[in-house]
Amino acid sequence: MTAPSTVLVTGGAGFIGSHTCVELLDHGYEVIVVDDYSNSTPQVFAQVERITDRFVGAVYELDIRDRASLSAVFDRHSVDAVVHFAAHKAVGESSRSPVEYYDANVGGTTSLLRVMRHHGVRQLVFSSSCSVYGDAARVPLDEAAPARPTNPYAASKWICEQILADVCARVPGFAVLCLRYFNPVGAHPSGQLGESPLGTPENLMPYLAQVAVGRKPDLRVFGDDYDTPDGTAIRDYLHVMDTAEAHRLALDHLADGPGMRIFNLGTGQGHSVLDVTAAFGVACGTPIPYRVVGRRPGDVAELVADAGAVARAWGWRPTRGLDDMCRDLWRFQRLHPLGYQLPARRHRFLPGRA
Ligand code: UD1
């Protein structure tokens with residue numbers, strides 16, 4: 001097996017996807033993107049290209065469940081490997097619309113796999129989630145911890161993992177690296193690229209950033225009666241640039257051999273909601289107002305990674321801490337208080353540029 005050089009990134013306009021595009025372009029990969037912009041905007045590529053001083057090879061607006069359109073992309077480009085981010089990711093929304101989540105996340109993955117099979121592409125990096133572990137009996141969690149998803153979003157990721165394991169067991173030469181992220185946050189240090197959710201953010205960090213710029217009056221802290229030191233829930237926050245770097249290393253390591261390998265991506269450090277709120281207040285120079293409300297359905301008390309396996313396998317260790325995450329997110333939010341502006345019209349196809 002040889003290391004891939006032309007990479008198709010599904011969901012490449014999204015938060016982790018766009019930062020991974022930067023990382024891949026910076027390391028000489030040819031990057032092709034498909035995205036349906038359901039929670040993103042094509043404007044992100046101008047930022048990616050400005051930061052890297054390189055062009056994204058081509059960008060296609062499509063839903064990966066549209067197999068004919070997706071297949072046409074593989075016809076046009078000699079794709080060596082796929083990094084598959086395209087999915088819905090809001091836990092609360094998944095509980096309200098489970099069928100849509102299974103359709104988008106599981107249906108999107110099977111559609112992609114069918115098109116990859118048709119075109120003989122057998123290398124995939126899959127974007128999974130620590131949420132597959134559910135309510136952990138003990139932390140830190142290593143990859144052997146049992147999967148017990150507690151919401152349809154998490155279940156959809158777990159189903160995809162099982163499908164991928166099955167494919168690897170049955171299709172000779174198929175290689176999958178499955179990355180279970182804990183909580184990727186932050187922004188590119190330039191302040192030019194970050195998370196720009198459409199509508200009200202459901203996640204903690206983007207919500208804090210909107211409070212800081214005055215778009216929201218205060219943070220609602222979902223529960224202070226957890227069995228944790230300050231009563232608020234603990235998560236393992238990971239800088240998005242460390243996350244992006246892990247994807248680039250995963251692509252390099254797809255060539256190690258066929259089969260499926262699963263790695264946690266986290267720092268191994270837990271921070272409570274109040275820790276993060278305080279750290280963000282320091283980064284933006286003013287305390288963030290908050291009020292405690294009831295627990296959010298489906299939330300768990302504590303999730304922290306044991307990311308030792310990926311460190312041993314590839315030498316990947318996060319180098320950025322909570323203060324870096326807050327500082328970089330704040331820089332992005334200050335420069336883009338309203339997020340990216342949506343373009344006047346959407347393109348069906350942005351012509352490829354060599
Ligand atoms: C969830 C998923 C994770 C997924 C991520 C992306 C679980 C256990 N985790 O992370 O796999 O990758 O979404 O969408 O399902 N909080 C507040 N107020 C807010 C928002 C959040 O107090 O306004 C709290 C939450 O209750 C939680 C913490 O902040 O304790 C982090 O929440 P969030 O950023 O939404 O991420 P997770 O729910 O941990």
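Biologist: Which residues of H9 are buried?

Modeller: This is a predicted model, in which local features need pLDDT of at least 70, side-chain atom pairs count only at pLDDT 80 or more, and totals for chains, interfaces and linings use all residues. Residues are numbered from 1 along each chain as its sequence is written, and side-chain values use heavy atoms, with hydrogens and water left out. A residue is buried at under 20% relative accessible area, exposed at over 50%, and partly exposed in between (1.4 Å probe, protein chains only). In H9, the buried residues are Val273, Val276, Thr277, Ala279, Phe280, Gly281 and Cys284.

Biologist: What covers the buried residues of H9?

Modeller: Helices (H or I, at least four residues) and strands (E, at least two) are DSSP runs, numbered from the N terminus. The cover of the buried residues of H9 includes helices H7 (204-212) and H11 (322-335), together with strands S8 (219-222), S10 (237-239), S12 (271-272) and S13 (290-293). Just after H9, glycine 285 has a positive phi of about 85°.

Biologist: In which sense do S8 and S13 pair?

Modeller: Strands of a sheet pair through backbone hydrogen bonds, either parallel or antiparallel. Two strands count as paired if DSSP finds at least two bridges between them. S8 and S13 pair in the parallel sense over 4 bridges, and leucine 219 has tyrosine 290 in S13 as its bridge partner.

Biologist: Where is serine 196 placed?

Modeller: Serine 196 is in the loop between strand S7 (183-185) and H7. Serine 196 counts as buried because its relative accessibility is 15%. Contact means heavy atoms within 4.5 Å. Not counting residues up to four places away in sequence, serine 196 touches Gly339 and Tyr340.
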